[in-house]
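Thank you all for coming this morning.

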Amino acid sequence: MSVDVAQVRPARPKDADALAAAYEEAWRGAYQGIIPHLDLERMIARRGAVWWERVLRRRASLLVLDFGGQVAGYVTFGRCRIGRGPYRGEIFELYLCPTYQGLGLGTKLFDGARQKLREWRLHGLLVWALADNEAACDFYIRLGGRPIAEGAESFSGTTLRKIAFVWR
Ligand SMILES: CC(C)(COP(=O)(O)OP(=O)(O)OC[C@H]1O[C@@H](n2cnc3c(N)ncnc32)[C@H](O)[C@@H]1OP(=O)(O)O)[C@@H](O)C(=O)NCCC(=O)NCCS
């Protein structure tokens with residue numbers, strides 16, 4: 001019998017603290033040196049356990065990567081925010097703590113979100129990534145995503161380019 005220690009499962013109310021910790025670690029790891037320091041610190045401060053508790057109470061579409069009982073990452077998803085195009089589903093955020101990266105777990109979270117979106121008949125998928133987040137862009141290309149559009153994200157004193165990847 002083989003037991004998979006890495007499991008994608010719906011988030012539970014008691015995950016709030018772990019999600020706040022995972023968010024902080026994953027966002028620092030991904031964006032230090034990309035998003036201006038103060039903006040990043042403000043985002044992290046805002047997304048503490050109380051923020052996550054509120055999200056979990058609203059039953060947001062949120063799956064976590066549970067690695068032997070630890071929350072190693074999460075993915076949020078839902079209806080695409082860009083109106084009615086051919087891409088009905090969107091992954092809003094997909095983040096793993098640095099220790100758990102490069103092991104196929106990001107793919108597992110991505111597949112979990114895609115499966116849920118398919119169950120909801122939200123076919124076609126769109127994901128935004130900052131262009132400077134090369135690891136994320138490479139990851140989405142490796143998973144078959146096609147860059148289709150560009151946008152911009154403004155922070156204090158700087159504007160960063162972002163890329164939309166799509167899957168049919
Ligand atoms: C981006 C991220 C989700 C990828 O998850 P992961 O578990 O590390 O990736 P996987 O191990 O599932 O890799 C899947 C494929 O993507 C490729 N890939 C993953 N990270 C990569 C990197 N840094 N550079 C190049 N390719 C990469 C892998 O080589 C793999 O391809 P292969 O199957 O041919 O080997 C994860 O690294 C992460 O959470 N990063 C920080 C947060 C972030 O940037 N999130 C996305 C915001 S838009």
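Predicted model: local features only at pLDDT ≥ 70, side-chain atom pairs only at ≥ 80, totals over all residues.

Let me begin with a crossing: α1 passes α3 in a right-handed crossing.

Sorted by class, the contact of α1 with α3 has 6 nonpolar and 2 charged residues, and no polar ones.

For α1 and α3, the latter covering residues 49-57, the angle is about 120° and the axes lie 8 Å apart. Angles from 65 to 115 degrees count as roughly perpendicular and those over 145 as roughly antiparallel, and α1 and α3 are therefore oblique to each other.

Let us turn to the second pair, in which α1, made of residues 16-31, packs with α2, made of residues 37-46, at an angle of about 165°, with the two axes 10 Å apart. That angle makes α1 roughly antiparallel to α2. The crossing of α1 and α2 is right-handed.

What does each helix bring to this second contact? From α1 come E24, W27 and Y31, and they meet L40, M43 and I44 of α2. The residues of this contact of α1 with α2 divide into 5 nonpolar and 1 charged, with no polar residue among them.

Finally, let us step back to the whole protein chain, which has 5 helices and 7 strands. If you read along the sequence, these elements follow the pattern β-α-α-α-β-β-β-α-β-α-β-β. The radius of gyration of the protein chain is 16 Å, which is close to the 15 Å that the globule rule gives for 168 residues, so the chain is as compact as a globular protein of that length. Along its principal axes, the C-alpha trace spans about 45 × 35 × 30 Å.

How much of the chain is buried? Of its 168 residues, 30% count as buried. As for contacts, if we take those between residues at least 6 apart in sequence, 63% of them join residues that are at least 24 apart.

Terms used
Residues numbered from 1 in each chain as written. Axes fitted to C-alpha atoms, helices over the stretch in contact; angles between N-to-C directions. Helix = DSSP H or I, 4+ residues; strand = E, 2+ residues; numbered from the N terminus. Parallel < 35°, antiparallel > 145°, perpendicular 65-115°, else oblique. Left-handed = near helix turned anticlockwise from the far one by under 90°. Contact = placed C-beta atoms within 7 Å. Nonpolar A, V, L, I, M, F, W, Y, C, P; charged D, E, K, R; others polar. Rg over C-alpha atoms; globule rule 2.2 N^0.38 Å. Buried ≥ 20, exposed ≤ 12 C-beta atoms within 10 Å, placed from the backbone.
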